Structures are given as structure tokens and as C-alpha cells.
Amino acid sequence: MFAAAHLRDARRDRVILGAALAALSLLAWASLLAWSGSAAGGSLHHDGGTGPLAAQASLFTAGWTLMIVAMMLPSSIPLVLTFGALTRRRRQPRLLVALLLAGYLVTWAAFGLGAWVLDRGIHVAVDALPWLAAHPQLIVGSTLLAAGLWQFSPLRDRCLDECRTPLGFVVARWRGTSERREAFAMGIAHGAFCVGCCWSLMLVMFGVGLGSLTAMLVLGAITAAEKNLPWGRRISRPLGILLVLAAVYAVAG
């Protein structure tokens, strides 16, 4: 009797948590749509901000983090549900899930800020080198080529393996002795592996701009399929080939 009730409670908790995460993602999509259509929509693009650099960086990082919630969080729902099930009988299970998500978002926010700083450096280089300014397709082509080649990297495969095994990932990192620290650290680790397998695609997204919701949907669907579907790994190499061909086209065109 107890076992049956326990299983029902566990299923109910998983449904509630899954619905909450899906609602959070939908809210992020709606917020991005409203933001991109507002007068401040330019701040979502790496080259569209105005004002002090610190303000531009802060606004872009906020928009980037919102994009991660909309685009990448859905692909991490299986891991969050696994962690939620493991910690549901702890004293503060909701706080532990929140810390897991916070660690995940901190990692991605740091990557977004780093990409923005790198882009500032590229703009300085373009301003200083007239030849590079006259051949912007080289920057686009290099980004696409890097993204395509990374799809074939063994290190990327290693990161993708971590993302595709949520139960093993959680069990290997949860001891329960220092709950809050472990939850936050696990979120950071999950974010790091997620960045490891998706950073190149996100740089393509960075170049397009966060206001392109169509591109976000496409890349979000690709990453979710790679990380969660049984046949997801099969699309990695074909996608890499397409990106390399796109790089050649961008430079030749």
C-alpha cells in the first residue's frame, strides 16, 4: 500500500516539475518575443547595443540567459526530473532543484558574456584591419567551419555522452552530504558539459543574434534531439558536414 502511494506521489511530483519547467521555457520564449519587438530589441544582438559597454554587456547577458532558458532548458528536463526524484524526500527539494538550475544558468551566462567580449575584440580587429573589414565573410565562414569541425570532435562526443545519461550523471555526482553545494556544483558541471557539446552551435546562434526566434527554435530542436532521442547521435556528423559546406559557401559567395 505504501509502495503504491509512494510511486503515485513520485509520478505526480515529476509531472508537476516537468510542467513547471515547460511553463518556464514558454515564459522565456514569450519574453524574448516581446523584447525583440520592443525599442530595446537591439540589445539582444551582439552588435546592436548602445550606451556604456558595461550596460551593453549586462543587457546582452540577461537576454542570452533568457534565451538559454527558452532554448536549452527543455533539453535538460530529463536530468532535472531525475535529480528532483532523487532529492524529493530531502528537507528542501525545491531549493535543491533551483540551485541545480542556477548553476546551469551561471555556466551558460558566463559563456555568453565571454562570447560578447570576444566579439568586441573582433570588432576592434575589423576596425584596425581594413582588409578584414572588406572580407566579413571570412569571419562568418570561420565560425561555421569551427562549428562544423567540432561536430566530429571526440571531446564533443564525451560531453554529449554526459548529457545523454542523466541518471548516471546525477548518481555519480550526488552524495547528499552537503546538499546545497552539491546541487549548485552539479548544475555548473551539467552546464559545462552542455557548453562543451553545444558551444559551436551557440556561436552560430550568437552571430545570427538572439532576436532570430526561428534560428533559436531550429537549434533548440537539434540540441534536444541530440541529447535525448535514441537516434540523436546520428545527426551530429551530417550536421557537421552541412556546417562545413555552409562555411565554404559563405567564403566563396
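**View 1. P78, L79, T82, F83 and L86 of helix α3 meet P166, L167, F169 and V170 of helix α8.** Contact here means heavy atoms within 4.5 Å, and helices are DSSP runs (H or I, at least four residues) numbered from the N terminus. By class, this contact has 8 nonpolar residues, 1 polar and no charged ones; Ala, Val, Leu, Ile, Met, Phe, Trp, Tyr, Cys and Pro count as nonpolar, Asp, Glu, Lys and Arg as charged, and the others, Gly among them, as polar. We're looking at a predicted model, where local features need pLDDT of at least 70, side-chain atom pairs count only at pLDDT 80 or more, and totals for chains, interfaces and linings use all residues. Residues are numbered from 1 along each chain as its sequence is written, and side-chain values use heavy atoms, with hydrogens and water left out.

**View 2. R156 and E226 pair up in a salt bridge at 2.7 Å, N to O.** R156 sits in α7 (residues 154-164) and E226 in α10 (residues 213-228), so the bridge ties together parts 70 residues apart in sequence. A salt bridge puts a side-chain nitrogen of Lys or Arg within 4 Å of a carboxyl oxygen of Asp or Glu. Both R156 and E226 are buried (buried is under 20% relative accessible area, exposed over 50%, partly exposed in between, with a 1.4 Å probe and protein chains only).

**View 3. R237 and D157 form a salt bridge at 3.0 Å, N to O.** R237 belongs to α11 (residues 236-252) and D157 to α7, so this pair links parts 80 residues apart in sequence. D157 is buried at 14% relative accessible area, while R237 is partly exposed at 32%. Shared partners join D157, D161, R233 and R237 into one salt-bridge network.

Terms used: Helix = DSSP H or I, 4+ residues; strand = E, 2+ residues; numbered from the N terminus.
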